Amino acid sequence: MKKSTLLFSALLLFATLNAQTFTNTTGGAIPDNNTYANYPIAVSGLTTNLNTSTFGLAYVTINLTHTNDGDLRIKLQNPQGTIYVLTSYFGATGDNYTNTSFADSSSRMVSTGIAPFLGFYKSVDPLANFNS
């Protein structure tokens, strides 16, 4: 019993040490003239021998203040250039995404959500393939 507990603890510690968070807190204004605004998040410190079959994106959390969520299409681009849609013109004339997380494990579809968006939602495109 001690050996299995120690092994489980070691595996848990290993998994915890490999979790990373990347943040962009600068943001900026969202233009109102049908143009895009890009706010990159610098990703650094990843191991060079990354196993993409076991490494993935668990969730994405955003905080966004805007007075017409139905105007917004929010996308995420992976390092290979593939674009994933988190949300696309949902929320009608409601305001804001506050601590809104997108995760494949969520049972709430963002398309059925009502602004202000708060909590966990399943994104339009699945995040499971983000590393592909």
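How many helices and strands are there in the protein? The model shown above is a predicted one, and the protein in it has one helix and five strands. Read from the N terminus, the order of the elements is α-β-β-β-β-β. The helix, H1, covers residues 2–18, and strand E1 covers residues 60–64. Strand E2 takes in residues 73–77. Strand E3 spans 83–88, strand E4 spans 97–102 and strand E5 spans 117–121.

Some totals describe the protein as a whole. The protein has 132 residues, and 23% of them are buried. Among contacts with a separation of 6 or more, 47% are between residues 24 or more positions apart.

Is Gln77 buried or exposed? Its relative accessible area is 53%, and exposed means over 50%, so Gln77 counts as exposed. Apart from its neighbours within four places in sequence, Gln77 is in contact with Thr82, Ile83 and Phe130. The C-alpha atom of Gln77 is also 9.1 Å from that of Pro40, and these two residues are 37 apart along the chain.

In the loop between E3 and E4, Ala92 has a positive phi, near 50°, although the residue is not glycine. Asn96 is located in the loop between E3 and E4 too. Phi of Asn96 is near 75°, again a positive value in a residue other than glycine. In the loop between E4 and E5 lies Pro116. The peptide bond that joins Ala115 and Pro116 is cis, with omega at about 0°.

The aromatic rings come next. A pair of aromatic rings is described by two things, the distance of the centres and the angle of the planes. How many aromatic pairs does a search of the whole structure find? The search finds three. In one of them, the ring centres of Tyr59 and Phe120 are 5.7 Å apart and the planes stand at 70°, so this pair is edge-to-face. The pair links distant parts of the chain, 61 residues apart: Tyr59 is in the loop between helix H1 and strand E1, and Phe120 is in strand E5. Tyr59 is partly exposed, with a relative accessible area of 47%. Phe120 is partly exposed as well, at 41%.

Tyr97 and Phe117 form a stacked pair, with 4.6 Å from centre to centre and 10° between the planes. Why does this pair tie together parts that are 20 residues apart in sequence? It does so because Tyr97 lies in strand E4 while Phe117 lies in strand E5. Both Tyr97 and Phe117 are buried.

Ring pairs also bring in Tyr121, giving a cluster of Tyr97, Phe117 and Tyr121. Tyr121 has a charged group at its ring too: the charged end of Arg108 sits over the ring, 4.2 Å from the ring centre.

Definitions and conventions:
Residues numbered from 1 in each chain as written. Predicted model: local features only at pLDDT ≥ 70, side-chain atom pairs only at ≥ 80, totals over all residues. Heavy atoms only, no water. Helix = DSSP H or I, 4+ residues; strand = E, 2+ residues; numbered from the N terminus. Buried < 20%, exposed > 50% of the residue type's maximum accessible area, 1.4 Å probe, protein only. Contact = heavy atoms within 4.5 Å. Phe/Tyr/Trp six-rings, centres within 6.5 Å; stacked < 30°, edge-to-face > 60°. Lys NZ or Arg CZ within 6 Å of the ring centre and 35° of its normal.
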